[in-house]
Amino acid sequence: SFIENSIPSMEAAFDYGADIVEFDIRVTKDKELVVFHDYLLDSRTDGKGPVAEYTLEELKQLDIGFGYTADGGTTFPLRKTGIGLMPSFDEVLQRFPDKKFLIHLRDEGEEIGHILLGKLKTLNEEQIDTISLYGNDPSIALIRDQYPTMKALTARMMKRGILFYSLVGWTGYVPDSIKNMEIHLPIEYARFLWGWPHVFLKRMKGVNTRLVLVQKQG
């Protein structure tokens, strides 16, 4: 078994042929970026409280497999298998310098955007081209100001881009609001897009936009 947001799980995904891997980032107490999904450590690890109250070094002492159970808490088969496996953003990119990633900024506000922007500025052009983002509007806007062609997604961008395209797509015009985007669309709505599937996908490829179809939950 592999634990989400860990380097072994990413290695497995790429080994099985994944074109792109998604991971989550949060800001630590010492203003680093750590790869972790939840705001609180409690349900998944042996730590307690918000991620932001721990330094990166403290977080790396935790067991990220501690809280996983498939039988309602009767057994926890991954306990003690995830000690030290919570990676930093830097470690992921150092381990996979040429792989594609979709990075989810899990914190709100601009701070995470400023810290990530600082990290991005240390990367070469080839690595920048492997990265796409989604998260809160202020942080994504901050980063896109410096990297305008980086694929990105926020809820506001999604609504604006799809709405505008639905109004004008029949003409063949592709609005700026849907360019350079990472679109995540429930699969049942895809058929309502002008030109779906072949014409639409060709148009999106031409404007550096990637569509990910999302299976309806439940």
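## A tour of salt bridges, rings and surface

Begin by selecting lysine 60 and glutamate 91, which form a salt bridge whose closest N and O atoms are 3.0 Å apart. Lysine 60 belongs to the loop between α2 (56–59) and α3, while glutamate 91 belongs to helix α3, so the pair ties together parts that are 31 residues apart in sequence. Glutamate 91 has a relative accessibility of 27% and therefore counts as partly exposed. Keep in mind throughout that this is a predicted model.

Arginine 95 counts as partly exposed at 42% relative accessibility, and glutamate 11 counts as partly exposed at 26%.

Now turn to the aromatic rings, where seven aromatic pairs are counted. Select phenylalanine 23 and phenylalanine 101: their ring centres are 5.2 Å apart and their planes stand at 75 degrees, and because an angle over 60 degrees counts as edge-to-face, the pair is given that label. Phenylalanine 23 lies in strand β1 (residues 20–27) and phenylalanine 101 in strand β3 (residues 100–105), so this pair ties together parts that are 78 residues apart in sequence. Both phenylalanine 23 and phenylalanine 101 are buried. Extending the selection to Phe14, Phe89 and Phe96 as well shows one aromatic cluster, made up of Phe14, Phe23, Phe89, Phe96 and Phe101.

For a charge over a ring, select arginine 79, which lies over the face of phenylalanine 66 at 3.7 Å from the ring centre. The charged end of arginine 79 also sits over the ring of phenylalanine 76, 3.9 Å from its centre.

Move on to tryptophan 196, in the loop between β6 and α8 (198–206). Its ring and that of phenylalanine 200 have centres 6.1 Å apart and planes at 50 degrees, so the pair is tilted. Tryptophan 196 is partly exposed, with a relative accessible area of 29%, whereas phenylalanine 200 counts as buried at 0% relative accessibility. Leaving aside residues up to four places away in sequence, tryptophan 196 touches Ala190, Arg191, Leu201, Leu211 and Leu213.

From there, go to isoleucine 115, whose C-alpha atom is separated by 38 Å from that of tryptophan 196, 81 residues away along the chain. Isoleucine 115 is one of the buried residues of α4, a helix (residues 111–120) that is mostly covered, with seven of its ten residues buried.

Finish at the surface by selecting Leu163, Phe164, Leu167 and Tyr173, which form a nonpolar patch with about 420 Å² of accessible area together. Tyrosine 173 is placed in the loop between α7 (155–168) and β6 (182–186), and at 42% relative accessibility it counts as partly exposed. Tryptophan 170 also lies in the loop between α7 and β6, and its relative accessibility of 58% makes it count as exposed.

Key. Residues are numbered from 1 along each chain as its sequence is written. This is a predicted model: local features need pLDDT of at least 70, side-chain atom pairs count only at pLDDT 80 or more; totals for chains, interfaces and linings use all residues. Side-chain values use heavy atoms; hydrogens and water are left out. Patches are made of residues with over 30% relative accessible area and no salt bridge: like charges are joined within 9 Å, nonpolar side chains (Val, Leu, Ile, Met, Phe, Trp, Tyr) within 5 Å. Accessible areas come from the Shrake-Rupley method with a 1.4 Å probe; for residues, only the protein chains shown count as cover. A salt bridge is a side-chain nitrogen of Lys or Arg within 4 Å of a carboxyl oxygen of Asp or Glu. Helices (H or I, at least four residues) and strands (E, at least two) are DSSP runs, numbered from the N terminus. Buried means under 20% relative accessible area, exposed over 50%, partly exposed in between (1.4 Å probe, protein chains only). Rings of Phe, Tyr and Trp (its six-membered ring) pair if their centres lie within 6.5 Å; planes under 30 degrees apart count as stacked, over 60 as edge-to-face and the rest as tilted. A charge sits over a ring if NZ of Lys or CZ of Arg is within 6 Å of the ring centre and within 35 degrees of the ring normal. Contact means heavy atoms within 4.5 Å.
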